[in-house]
Amino acid sequence: MSPSLLLFLFLGSWVTSATARCTFTKTYKKCVTLPTQEASLAWTYHPLNATLDLAFSGSFISPSGWIAWGLNPDAPAMTGAHAIVAFSDPTSGGLILLPFVLDPSVKLQRAPLLSRPFGLHLLSSSAVLRGAPSARAGAEVQIFATLKLSPNRTRLHHVWNRGLYVQGYSPTIHPTAPSDLASRATIDIASTASEVTPPAPDALPSAHAALNAASWGFLLPAGVAVARYLRQRTSLGPSWFYAHAATQILGFLLGTAGFAMGIIMGSRSPGVEYGLHRGLGVAAFVAGGLQSAALLFRPKTTNRYRKYWKSYHHFVGYGCAVLGVVNVFQGMEVMGLGSSYWKLAYCLALSTLVGVCVALEVNSWVVFCRKAEEEKAAVTREGGGVESHHQVVKGKA
């Protein structure tokens, strides 16, 4: 076989591979694999009438979840996007597809996201499940759409995402992992040139989680345990107080840093709110601040108001520790760490602390009961001795 013939066959095979069609349940001329969520996009563009036949493929992350694809006419961002969302119909159980507009006034979780007309020139749309009879985690969904585009406008801003829950016919907020927040790309449907938004760095959420777990979720409860169990050891003297104060101060300082990071993260994510997590965080921070301020007004042991201050200090301290631990678990759910090794490690550390507290509590009660028995026996002996003395005196008389 001649070299020229080999070259011809090689070029022919390369061209055939480059122009190979991507097949969903329909056949399209071009396709791309999107950078997040294992999603893909395929399309056929008809330049004569500026019509776009498009298919988007994604997968559910829960049986009650949703999958969305859309276009933003102005910028590669979620705000301002026109999207169509697929999810299970809560009435019939079948797959339903509804249009939504994510305009700047939409505040997810403050008010339900209501269906509105697509806004762009959407000629038709549909959705089908592949490989599964109903929506479930991992089930693939294909969304089909036919749009009428403006002539010579082939550079489109695509957005896509998926969520865990649908309330009625209203999709709830999607997860906010870096890959979820970066689910957008600008693609030229004529040349297939794409501009992908890189995932946002996750250093701030990780630092926020680590600091809050270490401070509100461990150090502050440990400081409470130090005060409760070590002050009973008379051999330690005032050392228990210094250990308690140092642990609490360190925990509050680290917690303040984590709380500030949470405020920064919230300001960077307008429209994304976690009401319960935020409320618990604010309550824990306020309680910690009150505990710190209480040290400045700590009465002397001889002051008659000392007992009221101690009751307040104990109540607020225990409340702060409980709020902190609960909010750490809530924050893990928000970050999607409900089944992660990070949660396992925190649970092991917390269970160790709880186990030590239970052992010390049992020991305290054993010591208390033993002292009570000893005091009772001593009183009995003293009472018996006095009675014998009276009998001796009476006999002499």
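## First stop: a pocket among helices

Helix 3 (203–230), helix 4 (239–268), helix 5 (275–294) and helix 6 (306–334) each give at least two residues to the lining of the second largest pocket. Helices here are DSSP runs of H or I with at least four residues, strands are runs of E with at least two, and both are numbered from the N terminus. You are looking at a predicted model, in which local features need pLDDT of at least 70 and side-chain atom pairs count only at pLDDT 80 or more, while totals for chains, interfaces and linings use all residues. Residues are numbered from 1 along each chain as its sequence is written, and side-chain values use heavy atoms, leaving out hydrogens and water.

Now select Ala227, His244, Gln248, Gln291 and His313: of the 28 lining residues, these are the closest to the centre of the second largest pocket. A pocket is an open set of points on a 1 Å grid over the protein atoms alone, where a 1.4 Å probe fits, with protein on both sides within 12 Å along at least five of seven lines; lining residues have an atom within 4 Å of a point. Which helix supplies the largest share of the lining? Helix 6 does, with nine residues.

## Second stop: two salt bridges

Select Arg228 and Glu361, which form a salt bridge with their closest N and O atoms 2.9 Å apart. The term means a side-chain nitrogen of Lys or Arg within 4 Å of a carboxyl oxygen of Asp or Glu, and the count by this rule is two. Next, pick Lys343 and Glu333, whose closest N and O atoms are 3.4 Å apart in a salt bridge. Lys343 sits in helix 7 and Glu333 in helix 6, 10 residues apart.

Is Lys343 buried or exposed? Lys343 counts as buried, at 18% relative accessibility, whereas Glu333 is partly exposed at 46%. Buried means under 20% relative accessible area, exposed over 50% and partly exposed in between, using a 1.4 Å probe and protein chains only.

Show the strands and find an open sheet of five, ordered 3-4-5-10-9 with antiparallel pairing. Strand 3 (30–33) and strand 9 (122–130) are at the edges with a single partner strand each, so one side of each has no neighbour in the sheet. Two strands pair if DSSP finds at least two bridges between them. Strand 4 (residues 40–46) and strand 5 (residues 51–59) are joined by seven bridges in the antiparallel sense. To finish, select His46 and look across to Thr51 in strand 5, which stands opposite.
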